[in-house]
Amino acid sequence: MKTYFLEQLIASSNAASTTNDPVELAPCVLTIGNFDGVHLGHQAMLAQVRDIAHTQNLDAAVMIFEPQPREFFAPAKAPARLTNLAEKQALLAQHGVKTLVVAGFDEDFRSLSAQAFADILAKRLNVKALVLGDDFRFGHDRTGDSQFLRDYGLDVTNLHTITDSNIDNDHLNDVNNEAARISSTRIRDLLLAGDIHAANILLDRDYAITGSVVRGDQIGRTMDFPTANIDLQRIKPALHGIFAVDVVSLDENGEVIPDGLIKLATDNNIGVAGLRPHSLFGTANIGKRPSVDKGDDWRLEVHFPKLKADLYGLNLEVRFLHFLHGERRYDGLDALKAGIHQDVTDLLEWRDNQV
């Protein structure tokens with residue numbers, strides 16, 4: 001999948017210099033949205049894009065926004081991210097997207113007229129057809145819609161809201177007996193409630209967060225529970241609390257490195273095997289750590305029992321397996337250490353019951 005940033009595409013087409021030739025995108029069928037989570041509803045949209053692209057010999061393309069519009073208008077009130085940009089890129093590629101256009105959502109972009117936006121689609125992105133939700137609006141003050149694009153001369157297919165009843169999945173009855181809408185909001189609510197199983201059904205995969213290991217404040221080391229601090233790359237995460245996780249190390253292409261963590265172990269402290277190949281089991285805290293008074297500093301910290309290794313700089317994928325409880329405030333570091341010890345004990349016991 002090739003990724004382009006809309007501002008660069010527009011700048012290259014407007015450049016007076018001939019030393020940098022304008023980027024020419026292949027003719028495509030495009031869908032537009034946040035695609036946060038790339039859940040089953042999004043996947044139905046992408047399947048429609050792929051079908052039309054195949055029939056008309058076009059590339060399958062997606063336009064997403066960074067930041068997402070609500071993050072631009074009210075960052076403090078914006079919904080938690082299910083997927084950061086890198087995670088979204090990887091998931092879209094897995095679902096057959098050939099071209100990804102990232103539109104920087106800023107004052108200039110939101111001020112575009114419907115006509116200007118349609119011009120960009122047709123003249124810069126080489127869009128020949130679109131697949132859009134039936135409530136899709138665009139342009140300044142949301143003046144554009146699917147009919148506007150049809151009148152402009154573009155072929156538009158509207159895909160109706162995807163509900164449980166649209167998906168061929170016998171397990172969806174575990175989530176809701178009614179035909180509820182499959183949405184990022186619904187999945188956020190499930191994750192926040194600790195219902196990972198139900199969220200995973202709607203995502204059609206295990207929920208995971210990917211990020212690099214960065215230096216933290218190393219409080220865990222002082223209590224004999226060292227942690228890997230994972231860079232979240234989002235304003236706030238979609239789930240909070242104490243979890244069982246399994247973790248794999250990824251290479252620069254996002255592929256799992258076979259036994260990537262075990263190979264780094266020292267003194268034969270190789271950790272506890274995870275529940276999928278090449279993974280290690282971990283206990284994770286994701287939240288604001290109320291016991292250490294770090295304010296609004298969101299963290300994902302993973303402790304690997306029985307592992308001794310230098311993990312700084314690694315790109316890790318953390319898959320959430322089981323919710324233990326929400327974050328708790330402890331009175332002092334001794335109480336916090338005792339609480340962490342009990343959490344690790346309980347989560348290791350849960351892990352042992354799974355194998």
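**Figure 1. Ser249 in strand β9 of the predicted model.** Ser249 is buried, its relative accessible area being 2%; buried denotes under 20% relative accessible area, exposed over 50%, and partly exposed the range in between, with a 1.4 Å probe and protein chains only. The residue belongs to strand β9, which spans residues 241–250. Helices (H or I, at least four residues) and strands (E, at least two) are DSSP runs, numbered from the N terminus. Leaving aside residues up to four places away in sequence, Ser249 touches Glu255, Val256, Ile257, Gly260, Leu261, Leu314, Asn315 and Leu316, where contact means heavy atoms within 4.5 Å. This is a predicted model, in which local features need pLDDT of at least 70 and side-chain atom pairs count only at pLDDT 80 or more, while totals for chains, interfaces and linings use all residues. Residues are numbered from 1 along each chain as its sequence is written, and side-chain values use heavy atoms, with hydrogens and water left out.

**Figure 2. Gly287 in strand β10.** Strand β10 covers residues 280–287 and contains Gly287. Gly287 counts as buried because its relative accessibility is 0%. Apart from residues up to four places away in sequence, Gly287 touches Asp297, Trp298, Arg299 and Glu327. Between Gly287 and Ala238 the C-alpha to C-alpha distance is 9.7 Å, and the two are 49 residues apart in sequence.

**Figure 3. The packing of helix α8 and helix α9.** Two packed helices are described by the angle between their axes and by the distance between the axes. For α8 (residues 184–192) and α9 (residues 196–203), the axes come within 8 Å and cross at roughly 155°. Helix α8 is therefore roughly antiparallel to α9. Axes are lines fitted to C-alpha atoms, for helices over the stretch in contact, and angles run from 0 to 180 degrees between N-to-C directions; angles over 145 degrees count as roughly antiparallel, under 35 as roughly parallel, 65 to 115 as roughly perpendicular, and the rest as oblique. Arg186, Ile187, Leu190 and Leu191 of α8 meet Ala198, Ala199, Leu202 and Leu203 of α9. By class, this contact has 7 nonpolar, no polar and 1 charged residues. Ala, Val, Leu, Ile, Met, Phe, Trp, Tyr, Cys and Pro count as nonpolar, Asp, Glu, Lys and Arg as charged, and the others, Gly among them, as polar.

**Figure 4. The chain as a whole.** The chain holds 11 helices and 12 strands. Of its 355 residues, 47% count as buried.
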